[in-house]
Amino acid sequence: MKSQHGSKQGSVRSQDWRLQDLPGLSDEQQEQLWNCGIHTTLQLYQQTNTPAKRAALARQLQIHPQYVSKWAAMADLARVPAIGCHYCGLLLHAGIASPEQLARMSVQRLHKQLLRFQVANLQRPDLCPSLQEIQDWIEQSQQLDRPLRPSVNRDTRTSL
C-alpha cells in the first residue's frame with residue numbers, strides 16, 4: 001500500500017500540537033513547561049531530543065528525568081501526523097518510543113502488540129487501531145522529516 005505522502009524519505013512534515021493535548025501532563029507540569037518557554041509538542045521535542053537536553057530540563061524543573069524522557073518520547077511520536085497526541089501514549093505504553101523504532105515495525109507485529117495491550121489493560125479489543133491506521137503510522141514514520149523550527153498545526157494553534 002502506498003502512502004498518500006509519497007515514497008521519498010522526509011516527505012512527511014512533522015506536526016506540532018498544543019502542549020495541553022499531550023496525554024499525561026498535569027496542569028502544574030504544563031505550567032512548568034510553559035515557564036521554560038515550551039508551549040507545543042514540537043518545542044518539547046526540540047528541547048528534549050538528546051539525553052543531555054532531557055537531563056538539563058529535568059534539573060531545571062527539579063523532577064525525575066524519567067518524567068522528561070516520557071514526555072520527550074510522546075512529543076517525538078506526536079510529530080507523526082496520523083499519530084498526533086491521540087495515539088502517542090498508546091504507542092509508548094505498547095513499547096514504541098520513537099518514530100524510528102516505529103518505522104522498523106511490521107504492521108502485523110505492531111497490531112498484535114497493541115491488541116494485546118488493549119485487552120490486558122482495558123479489556124477493549126475494539127479500541128485497537130486498524131491495520132490500515134497502523135500501516136499509515138509506519139509509512140509516515142519512515143518518511144518523517146527532521147524539524148528545524150516549530151510550525152504549529154493550524155487546527156490546534158494556541159495563543160502564546
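A disulfide is a pair of cysteine sulfur atoms within 2.5 Å. By that criterion, the structure holds zero disulfides. The sulfur of C85 lies 5.2 Å from the closest cysteine sulfur, that of C88, which is too far for a bond.

The model is predicted: local features need pLDDT of at least 70, side-chain atom pairs count only at pLDDT 80 or more, and totals for chains, interfaces and linings use all residues. Residues are numbered from 1 along each chain as its sequence is written, and side-chain values use heavy atoms, with hydrogens and water left out.

Buried denotes under 20% relative accessible area, exposed over 50%, and partly exposed the range in between (1.4 Å probe, protein chains only).

| Cysteine | Relative accessible area | Class |
|---|---|---|
| C36 | 26% | partly exposed |
| C85 | 13% | buried |

Helices are DSSP runs of H or I with at least four residues, numbered from the N terminus. Helix α7 comprises 16 residues, 107–122, and reaches 21 Å from its first C-alpha to its last, close to the 22 Å expected at 1.5 Å a residue; the expected span is 1.5 Å times one less than the number of residues.

The buried residues of α7 are V107, L110, Q113, L114, F117 and Q118. They are on the same side of α7 because they cover an arc of only 135 degrees around the axis, taken from the directions from the helix axis to the C-beta atoms. The cover over these buried residues includes α5 (84–93), α6 (99–103) and α8 (131–142), where contact means heavy atoms within 4.5 Å. The face turned away from the buried side of α7 carries the exposed residues Q108, R109, K112, R116 and A120. After α7 comes Q123, with a positive phi near 50 degrees.

Technical notes
Helices (H or I, at least four residues) and strands (E, at least two) are DSSP runs, numbered from the N terminus.
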